[in-house]
Amino acid sequence: MTRQAIARLLQHRAAKPLVFAVALAPFAYLAWAVFARELGPNPAEALIRSTGDWTLRFLALTLAVTPLRVITGQNHLLRFRRMLGLFTFFYGTVHVLGYAGFDMGFNFGDIVRDIPKRPFILAGFTALALMAPLAATSFNRAIRALGARRWQWLHRLIYVVAP
């Protein structure tokens, strides 16, 4: 496939809705699996683990957009970065809500006591807390309000979240 053909596919008006549908498919499957009782003997753990895995996958995809754009010269890939970043936050939020609800029964005192005990939970909560301002400022009006330079500085926090 030629570069021009790939560029035409990336620019097609159906490309963004298609990426949206593909990005939402794991959640749709998990929702179906919950109602169909297909998540195995410990559905809460399966749901929490799956959403955590999808969060990491979408984070990797989001971070891969710019290097792929540079390597391939396909600037149209940037059209999808914001959506992928928001899906990263979405799956991360579902993951944390699953932990808070299924594991901790939304008992915030227990959650606060549990965070310092387990480093991976501390890392997850910190990552989601750092992603929240990115998600909140991911729309065009926020870019104008913050100014491009400050907005870009803020969105570089993703490189703190990634590790």
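Predicted model: local features only at pLDDT ≥ 70, side-chain atom pairs only at ≥ 80, totals over all residues.
**Overall fold**

The protein chain contains 9 helices and 0 strands. Followed along the sequence, its pattern is α-α-α-α-α-α-α-α-α. The C-alpha trace spans about 50 × 40 × 25 Å along its principal axes. Contacts in the protein chain can be sorted by how far apart the two residues lie in sequence. Among those between residues at least 6 apart, 62% join residues at least 24 apart.

**Whole-chain values**

The table collects values for the protein chain.

| Property of the protein chain | Value |
|---|---|
| Share of the 163 residues that count as buried | 31% |
| Accessible surface | about 10700 Å² |
| Share of that surface belonging to carbon and sulfur atoms | 67% |
| Distance between the mean positions of positive and negative charges | 25 Å |

One local feature of the surface involves M1. Together with I6 and L9, M1 makes a nonpolar surface patch of about 330 Å². Is M1 buried or exposed? The relative accessibility of M1 is 77%, and a residue is called exposed when this value is over 50%, so M1 counts as exposed.

Conventions. Residues numbered from 1 in each chain as written. Heavy atoms only, no water. Helix = DSSP H or I, 4+ residues; strand = E, 2+ residues; numbered from the N terminus. Buried < 20%, exposed > 50% of the residue type's maximum accessible area, 1.4 Å probe, protein only. Contact = heavy atoms within 4.5 Å. Areas by Shrake-Rupley, 256 points an atom, 1.4 Å probe, with all protein chains shown as cover. Lys, Arg positive; Asp, Glu negative; His and termini not counted. Charge placed at Lys NZ, Arg CZ, Asp CG, Glu CD. Patch = residues over 30% accessible without salt bridge, like charges linked within 9 Å, V, L, I, M, F, W, Y side chains within 5 Å. Salt bridge = Lys/Arg side-chain N within 4 Å of Asp/Glu carboxyl O.
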